[in-house]
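Reader: I would like to learn how to read a structure like this one, feature by feature. Could you show me the general idea each time, and then the case at hand?

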Amino acid sequence: KIQTTTIIVKMSETYEGKRYHMLLPPGWRKVVNTWFTEDIPSFDYGGYVVGDKESVAHLYCKSPGVLSGVPFFTEVMKMAGCEVEWLFPEGAYLDTTTVDNGRIVTAIVRGPCNNILVGERTALNLLARSSGIASRCRKARIIKDQNQWTGVLAATRKTTPGFRLVEKYSALVGGVDTHRYDLSSMIMLKDNHIKSTGSITNSVKIAREVGGFSIKIEVETDSEEQAREAIEAGADIVMLDNFNPDDLRETSAVLKEAFPHSNAVLEASGGITLETVADYMCPSVDVISMGSLIQGVPHVDFSLKIVDDK
C-alpha cells in the first residue's frame, strides 16, 4: 500500500511554476530511445521468466534529494508500454529522513510485468543522475541565497558525452544557470586560442569577424593585465580563472572601477566547490561557474518494486 505519511514538499523558488520539459528539443525522444535500446540489444530472458501479467510497481526515493528527470523516466516507461503516475512534481525536495522507513513512494508504474522490468534500470539510471545533479545545484543555490549574493551561479560545459541534455536540464531544475549549452552556443577563447593567435586582442578580433553581433565572446584570463586587455578588446565576458578568493575580490573590484562604462561580465571559475563557493561571492563578480555542479555528483537513490496492488 502507498504510505499515508504526510510529506512536506519543498519547492525551490526558482523552480516553482516552471515548465522545463517544454525546453526539450524535437529529437529528445530519439535520444532516450537510444539509451533504452542499448540496454537490451537482444533477448529479454528475465522478461520471459515473469511474463506479461498486468502489474503495479512503486518508485521509491530512498535518499534525500531533488526530484529531477521526470520526462526521461516517463519516456522510457512509455517506450516499454507502461504508464507512470507521479505523486510529486518535478523540482520537489524529497526528504527521506522525515519518514520512518526511510523511503518515499514517488510514482506508480503500471503495465505488463516484463515491460516494467525491461525499462526499470535505464529509467532509474536517468532519474538517479538527474536528481543528483539537481540536488547539488539546489545546495549551491541555497548558499547563494543565504549569502544574499545577487550574481549568477552556473554549471559548465564539463558534461558527459551523449548525456548533456539530461545534465543541463537537471541544472535548471536545481535552480542554477546552464552556462553555454555547447561549443557553438558562445565563443570561449581560452589559453590555447590566445597562444595560437599571439594575443587576446587578435583572438577577439578574429572571433568577432565570424561570430557577428549575436554570439557572445568570453575570454579566459589568469591576471589583471589579461583581463584589462580582454575588456579593451571588446570581450562580452571575462573569466577570472583560478584566482584565489582574496585576489578575485581585489582584481574584480579594480576592473569594475577602471571600466565603469563597460558592459563586460566578470566570471569567476576554476576549482570552486560547494565548500568554497561562498568565498567567491562578492559584489564585483557577476557569475560563478562550477564544473563540480555536474562532475562527480553522488546520485539520489531510487528503486522500483513490484507490488500486489492492481
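Predicted model: local features only at pLDDT ≥ 70, side-chain atom pairs only at ≥ 80, totals over all residues.

Reader: How many helices and strands does the protein chain have?

Author: Helices (H or I, at least four residues) and strands (E, at least two) are DSSP runs, numbered from the N terminus. Here the protein chain has nine helices and 13 strands. Its C-alpha trace spans about 70 × 40 × 30 Å along the principal axes.

Reader: And what share of the residues count as buried?

Author: Buried means under 20% relative accessible area, exposed over 50%, and partly exposed in between (1.4 Å probe, protein chains only). In this chain of 310 residues, 50% count as buried. Among the contacts with a separation of 6 or more, 74% are between residues 24 or more positions apart.

Reader: Now the pockets. What volume does the largest pocket have?

Author: On a 1 Å grid over the protein atoms alone, a pocket is an open set of points where a 1.4 Å probe fits, with protein on both sides within 12 Å along at least five of seven lines; lining residues have an atom within 4 Å of a point. Grid points are joined across faces, edges and corners, and a volume is the space filled by probe spheres set on the points. The largest pocket comes to about 350 Å³. It is lined by 21 residues, and Thr156, Lys158, Lys190, Met239 and Ser269 are the closest to its centre. Strand S10 (237-241) and strand S11 (265-269) are the elements that give two or more residues to this lining.

Reader: Which classes of residue make up that lining?

Author: For classes, Ala, Val, Leu, Ile, Met, Phe, Trp, Tyr, Cys and Pro count as nonpolar, Asp, Glu, Lys and Arg as charged, and the others, Gly among them, as polar. The lining of the largest pocket has ten polar, seven charged and four nonpolar residues.

Reader: What lines the second largest pocket?

Author: That pocket has a volume of about 220 Å³. Its lining holds 14 residues, with Pro64, Ser135, Arg136, Lys139 and Pro298 nearest the centre. Helix H4 (residues 113-146) gives the largest share, five residues. By class there are six nonpolar, five polar and three charged residues.

Reader: What lies on from S11, and why is S11 largely enclosed?

Author: Strand S12 (residues 287-289) runs parallel to S11, joined to it by two bridges, and Ala268 stands opposite Ile288 in S12. Four of the five residues of S11 are buried, so this strand is largely enclosed by the rest of the structure. As a general point, side chains in a regular strand alternate between the two faces of the sheet.

Reader: Let us turn to loops. Is Thr96 buried or exposed?

Author: Thr96 is buried, at 5% relative accessible area. Its place is the loop between strand S5 (92-94) and strand S6 (104-112). Leaving out residues up to four places away in sequence, Thr96 touches Cys61, Lys62, Ser63, Pro64, Gly102 and Ile104. Pro64 also belongs to the lining of the second largest pocket.

Reader: Which residues does Thr159 touch?

Author: With residues up to four places away in sequence not counted, Thr159 touches Arg164, Glu167, Lys168 and Ile294. Thr159 sits in the loop between strand S7 (152-154) and helix H5 (164-174), and counts as buried at 17% relative accessibility.

Reader: Finally, what is the phi of Gln148?

Author: Gln148 has a positive phi of about 50 degrees, although it is not a glycine. Gln148 is in the loop between H4 and S7 and counts as exposed, at 70% relative accessibility. Asn242, also not a glycine, has a positive phi of about 60 degrees. Asn242 lies in the loop between S10 and H9 and is exposed, with a relative accessible area of 57%.

Definitions and conventions:
Residues numbered from 1 in each chain as written. Heavy atoms only, no water. Pairing = 2+ DSSP bridges. Contact = heavy atoms within 4.5 Å.
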